[in-house]
Amino acid sequence: MGLILVRIYDSYDTAAKRAETAAQVLKDTEMTDSFTGNEATATRVNYGNILGNGDNNDALVTVSFGPENNIMAVYRKNGDSYEYAGTVGYFYGVDNISIEKLADRPDVIIFRERNNQSIGAREKSGFIRGYMYQNGKFENVLNIDENIESWFSSTDNGKTSWEKVEQTCVINPSENNQTIDTTKKQTYSTAEGNNDRTVPPNSDFKIVSERKVNEQYNWSDYWNTYILEEKTENSTGKKVAVLIDFSNSTNALTGGDFNKYKILRDDGSAAIINHSETSEV
């Protein structure tokens, strides 16, 4: 296991310190084939009771290699140094990192992941991610689709039509972080275009439909994750947790069958099933 001296965490005002920290993180996360320490563009550190031992000195180190390449790793204090404890993951653009308290649990690592893509459907999106140290590793316990702007086109008889879906989201966690309320404003707009490569200006899009969606994410000690609700899966008669309700997604405004859930079963497996395959608990 790698040890990072605490002095490296204290200051990032020189390229040498940033490169040294990044090189150590790459070594510990076994990603030295992907980047070098000198390629790091930023390093950030957040402290908390991340490993659940009651010690608020655990350090989350985030190293950026450009806007779409971020590695997040956690270190525990070991005397005057820090010892590698595990990898949270590899993510696209990362911001708004925070360490949040949850009663009788390790702290939750919360951050926004941004993903902009221009291949196929053009999309700018932001998602709130949550990770917690459980079962000796960092597990994903929260996913909230936050702000989304997506365009897609189709051509029929030489005529190009464009569709756009947008979402803005207001997020309000409770004081103890047991519940997270969200209010999502969604719109669906269309426009005519000259081709399937150039998105028409915003002024050309006309709103077809819009709505507000309210969702509440609740921490469950039973499921060890945030859930929307519990249902009974008809085929087994067993209780399942609803993680995502696709009927509340922006794409549901465009038509099609989005009456589906992403569920979590007792055995830890996840699946996407129709609403009709469940009933109330």
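Me: Is Gln-167 buried or exposed?
Reply: Buried: this is a predicted model, and in it Gln-167 has 2% relative accessibility. The cut-off for buried is under 20%, so Gln-167 counts as buried.

Me: OK, and which strand is Gln-167 found in?
Reply: Gln-167 belongs to strand 10, which covers residues 159-173.

Me: What does the side chain of Gln-167 reach?
Reply: The backbone oxygen of Asp-145, at 2.9 Å.

Me: And which residues is Gln-167 in contact with, leaving aside neighbours within four places in sequence?
Reply: Asp-145 again, plus Glu-146, Asn-147, Ile-148, Lys-184, Lys-185, Gln-186 and Thr-250.

Me: Switching to the greasy bits. In the largest nonpolar core, which residues touch the most other members?
Reply: Leu-142, Ile-144, Tyr-217 and Tyr-226, out of 20 residues in that core.

Me: Which strands each supply at least two residues of this core?
Reply: Strands 7 (108-117), 8 (122-134), 9 (137-156), 12 (206-220), 15 (238-245), 16 (260-264) and 17 (270-274). Strand 9 gives the largest share, with three residues.

Me: What does Ile-144 touch, not counting residues up to four places away in sequence?
Reply: Quite a list: Gly-126, Phe-127, Ile-128, Cys-169, Ile-171, Ile-180, Thr-182, Lys-184 and Tyr-217. There's also a second, separate core of 16 residues, and Phe-91, Val-94, Ile-109 and Phe-111 are among them.

Me: How many bridges join strand 15 to strand 16?
Reply: Four, with the two strands running antiparallel. Within that part, Asp-245 stands opposite Tyr-261 of strand 16.

Me: What about strand 4 and strand 5, how many bridges join them?
Reply: Nine, also antiparallel, and strand 5 spans residues 81-91. Asn-78 is opposite Ser-81 of strand 5.

Me: Which residue in the turn of that hairpin has a positive phi?
Reply: Gly-79, at about 65 degrees, in a hairpin with two residues between strand 4 and strand 5.

Notes. Residues are numbered from 1 along each chain as its sequence is written. This is a predicted model: local features need pLDDT of at least 70, side-chain atom pairs count only at pLDDT 80 or more; totals for chains, interfaces and linings use all residues. Side-chain values use heavy atoms; hydrogens and water are left out. Two strands pair if DSSP finds at least two bridges between them. Buried means under 20% relative accessible area, exposed over 50%, partly exposed in between (1.4 Å probe, protein chains only). A polar contact is a pair of N or O atoms within 3.5 Å; within protein, one must be able to donate a hydrogen and the other to accept it, and residues adjacent in sequence count only if both atoms are side-chain atoms. Contact means heavy atoms within 4.5 Å. A nonpolar core is a set of buried Ala, Val, Leu, Ile, Met, Phe, Trp, Tyr and Cys residues joined through side-chain atoms within 4.5 Å.
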